[in-house]
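Here is a short briefing on a structure with its sequence. Look at both before reading the points that follow.

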Amino acid sequence: MSSLLSVNDLHVYYGAIHAIKGVSFEVNEGEIVSLIGANGAGKTTILHTISGLIKPTSGNFSFNGKKLNSMAADKIVKLGLAQVPEGRRIFSELTVQENLELGYYSVKDKEFIKNEYKHVLELFPRLKERRKQLAGTLSGGEQQMLAIGRALMSKPKMILMDEPSMGLAPILVKEIFSIIKACNNEGMTILVVEQNANMSLSISNRAYVLETGSIVMSDTAQSLLGNEDVKKAYLGG
Amino acid sequence: MNFIQQLINGLSIGSVYALVALGYTMVYGIVKLINFAHGDIIMVGSYIVLFSMKSAGFPFWISILGAFTLCAILGVVIERVAYKPLRQAPRISALITAIGVSILIQNVFMLSFKPDPRPFPNVIDGNFGIGSINVSYTTALTIGISVLLMILLQLIVKKTKVGKAMRAVSEDEGAASLMGINVNRTISITFAIGSGLAAVGGALYSAAYPLVDPFMGAMFGLKAFVAAVIGGIGSIPGAILGGLIMGIAESMTKAYISSQLTDIIVFGILIVVLLVKPSGIMGKNVKEKV
């Protein structure tokens with residue numbers, strides 16, 4: 001196995017606040033890896049830094065052998081690294097179809113686009129029914145599906161998922177995670193950031209535990225699920 | 001019949017307000033900045049057409065295309081030099097900068113071309129009649145070009161890839177860049193289109209009121225800005241509607257009340273709209289997420 005994404009000694013400051021204190025981890029091709037941690041631990045900051053939305057103070061990170069440091073966000077997507085951002089951040093004034101079309105903004109191949117579009121609508125039949133609707137009129141679960149579908153449109157090698165379960169009913173959380181698992185079965189590498197550690201560990205191969213800007217534990221998902229400390233802190237006893 | 005005559009005059013000046021208001025509203029939509037230098041682009045556009053016709057002898061068509069192109073470039077340069085460094089700064093800093101850019105452009109033109117008004121060349125002479133109504137060719141041309149540009153803009157924004165990118169960036173810059181959209185380029189394109197439209201607006205305005213001076217953009221720009229606010233700033237159909245309301249209100253006031261009261265009536269409409277619907281006629285109520 002080769003590592004697809006590797007992050008090395010990453011430091012991020014917000015003004016004087018040292019938000020990420022030397023985080024290192026890697027994700028291998030074909031894996032699902034979870035990054036779990038409480039509110040404010042720095043999970044979203046790490047994802048934003050990888051995607052190029054935040055500039056790190058120091059540290060190296062590379063994707064598929066290419067250094068990502070100081071690369072613009074729109075260039076990083078073109079390497080095949082997509083993100084489903086926290087809080088979905090779909091374009092609510094655009095229709096479902098237009099949202100999906102923006103997902104392949106960087107792709108030129110028409111045949112490829114047609115196939116991916118069909119594939120995403122097969123994966124999310126609900127979006128097909130609603131493709132003419134404004135995205136803002138969708139329910140929370142449908143919006144999350146749209147956000148995932150939008151990221152899938154460019155057929156990325158890897159997807160970063162930021163809190164896919166946020167604000168969703170338990171039954172929808174299950175559905176979303178089974179979709180994430182299905183994407184992984186098709187060969188997509190996935191990094192999930194979650195507060196719902198139980199759910200996220202149950203589909204992951206490995207996981208890292210983040211506490212106030214540092215990684216304090218890393219292991220296979222299976223053994224973290226059985227770990228007493230993790231149970232107490234993140235799995236509700 | 002006089003009423004219809006005034007209505008046509010109002011539509012004509014209103015469509016020019018609308019062209020300029022579109023620039024205010026598009027720029028506000030995408031970078032949340034009231035671009036006070038936008039009014040002066042009108043003036044620059046008028047000067048370009050004036051010199052191109054008088055000194056270089058080009059026809060109106062070519063001059064207007066030249067003004068569109070040069071002002072589009074000017075708009076992009078202003079954004080890159082003055083506003084882009086302030087993109088993460090508080091909006092009040094960018095606003096003050098915009099006022100500064102406006103004063104700079106006005107004074108550069110005053111020093112270069114003297115403050116005295118210059119006569120604008122005649123574009124086309126004559127009138128034509130529909131029944132008992134007399135319409136000047138200038139009026140018809142103004143309405144025609146404006147409507148054409150508005151339809152074109154609507155098509156660009158709704159149908160093209162660039163248009164979708166513009167709407168995406170104005171809603172969520174970060175999410176747009178995660179889609180692979182080049183945010184800087186999209187903002188530049190918005191400034192280019194907005195400034196180009198202002199140049200055309202300036203040329204059409206000068207064709208109807210043929211005097212050009214370095215400060216003509218100030219009041220005209222302010223009124224176009226008011227039109228954008230009446231329609232709901234950030235909304236493209238709102239800017240068009242606001243422009244037409246302003247134009248018709250102006251010409252009706254001139255015809256039936258008193259030409260000295262036009263500004264009072266126009267700004268009065270603004271106050272009423274802001275009291276009744278502060279987000280403007282077609283503006284959205286943006287709810288702050290808590």
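A salt bridge is a side-chain nitrogen of Lys or Arg within 4 Å of a carboxyl oxygen of Asp or Glu. Arg87(B) forms one with Glu79(B), where the closest N and O atoms are 2.7 Å apart. This is a predicted model, in which local features need pLDDT of at least 70 and side-chain atom pairs count only at pLDDT 80 or more, while totals for chains, interfaces and linings use all residues. Residues are numbered from 1 along each chain as its sequence is written, chains are lettered from A and ligands numbered from 1 in the order in which they are written, and side-chain values use heavy atoms, with hydrogens and water left out.

**Salt bridges within the chains**

- Side chains of opposite charge can pair when their charged atoms come close.
- Over all chains, the structure holds 14 salt bridges.
- Both Arg87(B) and Glu79(B) are buried (buried means under 20% relative accessible area, exposed over 50%, and partly exposed in between, with a 1.4 Å probe and protein chains only).
- Asp263(B) and Lys223(B) meet through their side chains in a salt bridge of 2.8 Å, N to O.
- Asp263(B) lies in helix 11 (residues 262–276) of chain B and Lys223(B) in helix 9 (residues 216–231) of chain B, so this pair ties together parts that are 40 residues apart in sequence. Helices (H or I, at least four residues) and strands (E, at least two) are DSSP runs, numbered from the N terminus.
- Asp263(B) is partly exposed, with a relative accessible area of 29%, whereas Lys223(B) is buried at 9%.
- In chain A, the side chains of Lys43(A) and Glu163(A) form a salt bridge (3.6 Å, N to O), and both residues are buried.
- Arg126(A), Arg130(A) and Glu142(A) are linked in a network of salt bridges.

**Where chain B meets chain A**

- In contact (heavy atoms within 4.5 Å) are 18 residues of chain B and 23 residues of chain A.
- The two chains bury about 2000 Å² between them, 59% of it on carbon and sulfur atoms. Buried area is the accessible area (1.4 Å probe) that two parts lose on being put together, summed over both.
- On the chain B side, Glu171(B), Leu178(B) and Met179(B) lose the most area to chain A, together 36% of what that side buries.
- The count of salt bridges between chain B and chain A is 3.
- Arg167(B) forms a salt bridge with Glu98(A), with the closest N and O atoms 2.9 Å apart.
- Helix 6 (161–171) and helix 7 (173–178) of chain B each supply at least two residues of the side that touches chain A. Helix 6 of chain B gives the most, with 6 residues.
- Asp74(A), in helix 2 of chain A, is in contact with Ser177(B), Gly180(B), Ile181(B) and Asn182(B), leaving aside its neighbours within four places in sequence.
- Asp74(A) counts as buried, at 6% relative accessibility.

**Positive phi outside glycine**

- Ser70(A) has a positive phi near 55 degrees, although the residue is not glycine. Ser70(A) lies in the loop between strand 5 (66–67) and helix 2 (73–78) of chain A and is exposed, with a relative accessible area of 62%.
- Lys114(B), also not a glycine, has a positive phi of about 70 degrees. Lys114(B) is in the loop between helix 4 (91–113) and strand 1 (118–119) of chain B and counts as exposed at 53% relative accessibility.
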